Amino acid sequence: MKDAFGLPQSLLVLGGTSEIALAVTRRLIARRTRTVWLAGRPSPGLDAAAGELRALGAEVHTVDFDALDPAGHEDALGKVFAEGDVDMVLLAFGMLGDQARDERDPGAAVRVAQTNYTGAVSAGLVCAGALQAQGHGSLVVLSSVAGERARRANFIYGSSKAGLDAFAQGLGDALYGTGVHVMVVRPGFVRTRMTAGLPPAPLATTPEAVAAAVELGLRRRSETVWVPGALRVVMSALRHLPRGVFRRLPV
């Protein structure tokens, strides 16, 4: 069960090799999390992540999970919940894609959309149902400020995150009053392997900063978390710019 500050004893991570997810997990283990499930495709990276977290004192399990296999989500994730209550689910998988390539290759663009949106809808609903059945828990969804307004430079990725964000907000409304808390996290540019080689955007942040914001959001039982917080004001202004003006901005 979660403590008085809303921090979990048990955690299921969807996207078990995500740098942001692992930063969040390390921070929560340092507080009180003792049981961790890392869900992802079998790989040396997933095994290495599990080993790192075990060294921090947590009991860590891995579970085979593929965002692109919605038909297998209920079975794969059901095995985790069958082992006992899960206090928190962190939905952190996703792919950035390559905008220029994906515009030329609709199949590649669809893969981005299926991973970031369709896979997340499937896994999110499976986990939400399980959390509701146990009567408590938090579902933390890693969204992005890219979903606030589509940009020419990454509208395929941004549109998938826009769909995910809207889904997660609606799911939070649907679960209000059930004991299940949904929190949407909207980071800006995060310095990770996924963004390596890209020019950093203004207000760029780190996985560790996102982890700190997630912890604070859990303690406050927030519904939306911006990382860094200043992005809330920036994106509000950008969202309301006339399209002709927005189109000419170097974003």
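This is a predicted model: local features need pLDDT of at least 70, side-chain atom pairs count only at pLDDT 80 or more; totals for chains, interfaces and linings use all residues.
Residues are numbered from 1 along each chain as its sequence is written, and side-chain values use heavy atoms, with hydrogens and water left out.

View 1. Most residues other than glycine have a negative phi, and most peptide bonds are trans. Here, the peptide bond from Val227 to Pro228 is cis, with omega near -10°. Arg221 has a positive phi of about 55°, although it is not a glycine. With a relative accessible area of 44%, Arg221 is partly exposed; buried means under 20%, exposed over 50%, and partly exposed in between (1.4 Å probe, protein chains only).

**View 2. A salt bridge between Glu208 and Arg26.** Side chains of opposite charge can pair when their charged atoms come close. A salt bridge is counted when a side-chain nitrogen of Lys or Arg is within 4 Å of a carboxyl oxygen of Asp or Glu, and the structure holds twelve of them. The side chains of Glu208 and Arg26 meet in one, at 3.7 Å from N to O. This pair links distant parts of the chain: Glu208 belongs to helix α7 (residues 207–220) and Arg26 to helix α1 (residues 19–31), 182 residues apart. Glu208 is partly exposed at 46% relative accessibility, and Arg26 is partly exposed at 27%.

**View 3. A salt bridge between Glu148 and Arg186.** The closest N and O atoms of Glu148 and Arg186 are 3.8 Å apart. Glu148 lies in the loop between β5 and α6 and Arg186 in strand β6 (residues 180–187), so the pair ties together parts that are 38 residues apart in sequence.

**View 4. Helix α1 beside helix α2.** Two packed helices are described by the angle between their axes and the distance between the axes. The axes of α1 and α2 (residues 44–55) come within 10 Å and cross at roughly 20°; axes are lines fitted to C-alpha atoms, for helices over the stretch in contact, and angles run from 0 to 180 degrees between N-to-C directions. That makes α1 roughly parallel to α2, as angles under 35 degrees count as roughly parallel, over 145 as roughly antiparallel, 65 to 115 as roughly perpendicular and the rest as oblique. Leu22, Thr25, Arg26 and Ile29 of α1 make the contact with Ala49, Glu52 and Leu53 of α2, where contact means heavy atoms within 4.5 Å.

**View 5. Helix α3 packed with helix α5.** Helix α3 (residues 73–82) and helix α5 (residues 106–134) pack at an angle of about 35°, with their axes 10 Å apart. Among the residues making this contact are His73 and Phe81 of α3 and Gly119 and Gln134 of α5.

Methods: Helices (H or I, at least four residues) and strands (E, at least two) are DSSP runs, numbered from the N terminus.
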